[in-house]
Amino acid sequence: MASRKSPFFDTATTLGKVIAFLGISALCGVLAAGLLVPAAAVAGVGATSSIEYFDKLPAELNTNPLSQASKIYSADGKLIATFYDENRVPVKLDKVSQHMQDAIVSIEDVRFFEHGGVDPQGIMRAAASNLAGGGQQGASTLTMQYVNNVLIDAGAAEGKSADELTISGTKSIGDKLREAKLAIALEKKYSKEEILQGYLNIVLFSGQTYGIEAAARTFFGVHASELSIPQSAMLAGMVQSPNYFNPVTNPEATKERRDTVLAAMLRSKKISQQEYDKAVATDLGLNVKQVQSGCVAANFAAYFCNYVKHVIMQSDAFGKTADDRAKLLARGGLTIKTTLDSRLQSQAQQALERQVPKGDPSGAGSSMVSVEPGTGKILAMAQNTNYNPAKGSKNTELNFNVDADMGGTSYGFQPGSTMKPFTTVAWLEAGHTLNATIDARRTSYPGGYPWRASCLPDNAYFQPWDFKNALPGYERTMTVSQGLTWSVNSATVAEAAMLDLCDIRDVASRMGVHRAADGKELDVSTPSFLIGGQEVAPLTMAGAFATFANSGEYCEPIALTSVKDAQGNKYKVPRSNCKQAMSPEIAAAISIPLTNLINSNQGQLRPIGVPAAAKTGTTDASEQTWTVGYTKGISTASWVGNWTSNTSMNGVAINGVARDYVDGSTIAGAQWTEYMRAVAPLYATGSFDSAPSHIVGQVQQPTAPSTSNNNDDKESDGGSGNNGRGNGNGNGNGNGND
């Protein structure tokens, strides 16, 4: 660190000058053994004799690994974001230009290669200048400055404040003695080159820029090995007062200081007169490339970055406490390799912004998230806002794709009909067939209706529940498969009325489905959960639908593949917990009606060129809309809706187009189709497994009722939402979804 003013050189009074001079003289008494005998320092350390005091000082400098930035990378090696308290890139001395080495020695400690850690000549020179009124000078050698920086860095790692670290120029004689003794010990243990290397890697240059490599990159866009004479002089001059001699905020003072360093280099014969003349005639020549810390400065995928941060902050593998984990992320030099595929991330961002641009006047939110079946790897996580705490329709730190405790919205979003496949799974697990005929005429269930719910108390009471289908003509007899393809509410509820509601919930739970607000299982006391009446997160749905693509095996979504620190220590990362959630035969059967939805050419869902299956979802008044679908290699949840209010998107101009009715296929489906068509070939695209005949039953081709409108693909939506238990009224918002 640069020389600093200290009470040790206080010249405010004549008595102070005398005491200071005696103290300085004492420091000059370096014994042959390399220890100091500060005979006149007694007044500064109390009644204990100076020799005893000095002997009790630590004689060895305990150095911790330098604080280094942590970096998050995509699976294909793209840098996503950097985290740091101190932006530092340690380098060996042979990777630092000789000009830089000469500059720092010339201006900070010209006798560095001659003294043994404490320079008597420098001390006396500083004393003479101070006593003569020539301005206060310090007498710290580069070795003492290095010691001071190590102590500061160690204190910062422990969370100590600047005042506690005595970095504001208020050091006591004891502080200076400690630095001196440690400096002498350091010189005995390390070579001059090692000490100079340590100093250049630890010293502060400005703000959060530490170390010569980071400084060279920040201010000149070059490596430390490439620094020229004037560049080296400028950086060497900055260390005396990093905040003041900042070329960005104070260029004139910085240039003057640079020229002072050049003059020192000339005096020490490190540069010639010609080199000096040429250097002082140049401007600063800045090429500032400031690295910013955290997800707000991410190169891309800022919301995924935030999700990764939450994963680390919630895992004991990275520290016992939240403070420990935060310090590791900011100072540990972690290399964090993730599951994100930058190709998919780019396509997802483009597709959703083409449908709902950032800052669209409608205020509609849009997001997509992809998971790889069989591994749980999160491949993409995009949304139509900027990761920024500033207010405005373009900005938010809320991640639309994830649960509340992982940075998401407070409650998540109601998923509408994308919940219906879970009822059909329970139907098949109960021994029924996919093509069994059901009576879907009923849209009203009275209070006290005997729903089966084995996980509730025997006296559980269900409120009356009235709902509706989106279009007339669907209240009729149909197959279970047809009911799922056409997304008929009355068909799904008719199935559930023949089942145990708790079995349906358990199916969803086995597939990772839970409430976004609190992570708990779906509440079966309000049957509207059957058709999407409880809020979930898109990542939850993408992971659940990946189960169908993966022969019934659910894999919990994961974001990390490996983490190691600057010393090469590896950390245990959360692995996907894969388990069989249903039989492969039932998973294959579910893909039949979901494949028919795409191949029926209804609405915006069109074939994407490879085998694919999907389910759309829409809430009562089109507040939230979804498409969740999959190929063998990618499962994607696409959501479009209102995230700041629970208002309808019907009749609202979104991306300049107002529609009378917005459902899951309209916008969410359009961006899902565009995205999946582009990225599906990058992963497995095989055909889905064939379902056995005893599960499918007699095959009947879906034929829409004559009253339907095939071009609109309007889904069956819900009704009153009065579906609770006791004196409640359900979730009170958008219950009875399509």
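A disulfide is a pair of cysteine sulfur atoms within 2.5 Å. The exercises below put that rule to work on a predicted model, where local features need pLDDT of at least 70, side-chain atom pairs count only at pLDDT 80 or more, and totals for chains, interfaces and linings use all residues. Residues are numbered from 1 along each chain as its sequence is written, and side-chain values use heavy atoms, with hydrogens and water left out.

**Exercise 1. Count and pairing**

Task: find how many disulfides the rule gives, and the pattern in which they follow along the chain.

Solution. Step one: applying the rule gives 3 disulfides. Step two: counting bonded cysteines along the protein chain, the pattern reads 1-2, 3-4, 5-6.

**Exercise 2. C295 and C305**

Task: describe the link of C295 and C305, starting with its handedness.

Solution. Step one: the angle about the S-S bond is -80 degrees, and the link is left-handed. Step two: C295 sits in the loop between α12 (273-280) and α13 (302-313), while C305 belongs to helix α13, so the bond ties together parts 10 residues apart in sequence. Here helices (H or I, at least four residues) and strands (E, at least two) are DSSP runs, numbered from the N terminus. Step three: the S to S distance is 2.1 Å. Step four: both C295 and C305 are buried, where buried means under 20% relative accessible area, exposed over 50%, and partly exposed in between (1.4 Å probe, protein chains only).

**Exercise 3. C455 and C502**

Solution. Step one: the sulfur atoms of C455 and C502 are 1.9 Å apart and form a disulfide.

**Exercise 4. C555 and C578**

Task: is the link of C555 and C578 left-handed or right-handed?

Solution. Step one: a disulfide joins C555 to C578, with S to S 2.1 Å. Step two: the link has 115 degrees about the S-S bond and is right-handed. Step three: C555 is in strand β14 (residues 553-555) and C578 in strand β17 (residues 578-580), so the pair ties together parts 23 residues apart in sequence. Step four: C555 is buried at 4% relative accessible area, while C578 is partly exposed at 31%.
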